[in-house]
Amino acid sequence: MSRKPGSAASKPRRGFDRERAQWVASALTPWFLATQRDLSWRRTRDPYAVWVSEVMLQQTRVETVERYWSEFITRFPDVGTLAAAETDEVLAAWSGLGYYRRARLLHQGAKLVVAELGAQLPRDAEGLRRIPGIGAYTAGAIASIAYDQPEPLVDGNVARVLARFEAVATPSEQLATAPWLWDGCAAILREGSPRILGQALMELGATVCTPRAPRCAACPLAEHCRAKAAGVTAEIPAVRERAASPTERWWALALMHDDAVLLVQRGEAGLLARMWCLPLVAIPEASTVPDRTAVAAIVMGKLGSLRPIGAPVVHVFTHRRWEVHVVVASVRSATPLRDPLTPQTWLREHERPAGGLPTLTRKLLARVWAQATV
Ligand code: SF4
């Protein structure tokens, strides 16, 4: 028989009382051990491998990470190998995963771990947070999963589970930083194996206590869940209407020469930093045809006709949406760009550049090669 936790009527905002934390730990542990998904990164306790998996999992589906994590770990098996790699090699291994800033920060972090920490990741969250790219959540995840330390970890999944369990309708955008959630998570982790309990909370949020239609009938916490008891699971967390992401429109220049298309490597800052892409020209509002003057500002010499192909390629980033119109033009010169310092490469169909090739560029190239065979 399960023990009765604290009163369901109260709404604690400073963490759980001990009894309630103990009950959650005792309910979650056997549930997780019996039902956890078999994920590649769960077969290791190597803190470096856990770090890589947690960085990849940010904003990215588990199924996608399954396709990348093993290959990345095979290519960069330890923090020293990653630190010694060229940035372009790291971006190439990350190509298709998106949010490339994560890869750059991971690489910087690896360099710091090697240069200043003797290639050893710290065991505590405070030490881990000094590493570039490791925030409070990732530090808690590495410390709890790799080192079995009771360091709390609150991501969207954990926040949703605990907010519903306590029936606290904190707006979703404030949840991940709410102190009572971090205190509550730490209180639960102290009542058993942090390695198991941290992953169990995340697993419950990902597979049972999902944003829409939580499966309360299959939930190990259902017996004492306050949102379920009050019939308010759909209202927690409170979701505020989000402003629509602004749309930016671009011409993507497919400059063709000798059956090859020109790619340029983007600058060190901003979206898709250091990734290979077609040259982009911003489309002024209300413009419907490629602006030759804007194109001539980046391309030298005689340019054939600018031929738009197909519908625009739409690509959604976290806070903005790009609508990219592909325009094909032939160029005579093999060095057509006005800025000679822009790294560039000519690419034939089925080739790939040395370095990062983002999904957006793959979509644009698919459009280019499809029209080339028409
Ligand atoms: S009972 Fe339902 S709402 Fe409560 S934690 Fe479980 S799945 Fe979430």
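The centres of domain 1 and domain 2, taken over C-alpha atoms, are separated by 37 Å, the bounds of these domains coming from an automatic or database domain assignment. This is a predicted model, in which local features need pLDDT of at least 70 and side-chain atom pairs count only at pLDDT 80 or more, while totals for chains, interfaces and linings use all residues. Residues are numbered from 1 along each chain as its sequence is written.

Domain 1 covers 18-235 and domain 2 covers 247-372 of the protein chain. Nine residues from domain 1 and ten residues from domain 2 make up their contact, two residues being in contact if their C-beta atoms, placed from the backbone, lie within 7 Å. On the side of domain 1 that touches domain 2, helix 5 (residues 87-94) gives the most, with five residues; helices here are DSSP runs of H or I, at least four residues long, numbered from the N terminus. That side of domain 1 has four nonpolar, four polar and one charged residues, where Ala, Val, Leu, Ile, Met, Phe, Trp, Tyr, Cys and Pro count as nonpolar, Asp, Glu, Lys and Arg as charged, and the others, Gly among them, as polar.

Another contact joins two helices. Helix 8 (residues 136-147) packs against helix 12 (residues 194-207) at an angle of about 130 degrees, with their axes 7 Å apart; axes are lines fitted to C-alpha atoms, for helices over the stretch in contact, and angles run from 0 to 180 degrees between N-to-C directions. Ala-141, Ser-144 and Ile-145 of helix 8 meet Pro-194, Arg-195, Gly-198 and Gln-199 of helix 12, and by class this contact has three nonpolar, three polar and one charged residues.
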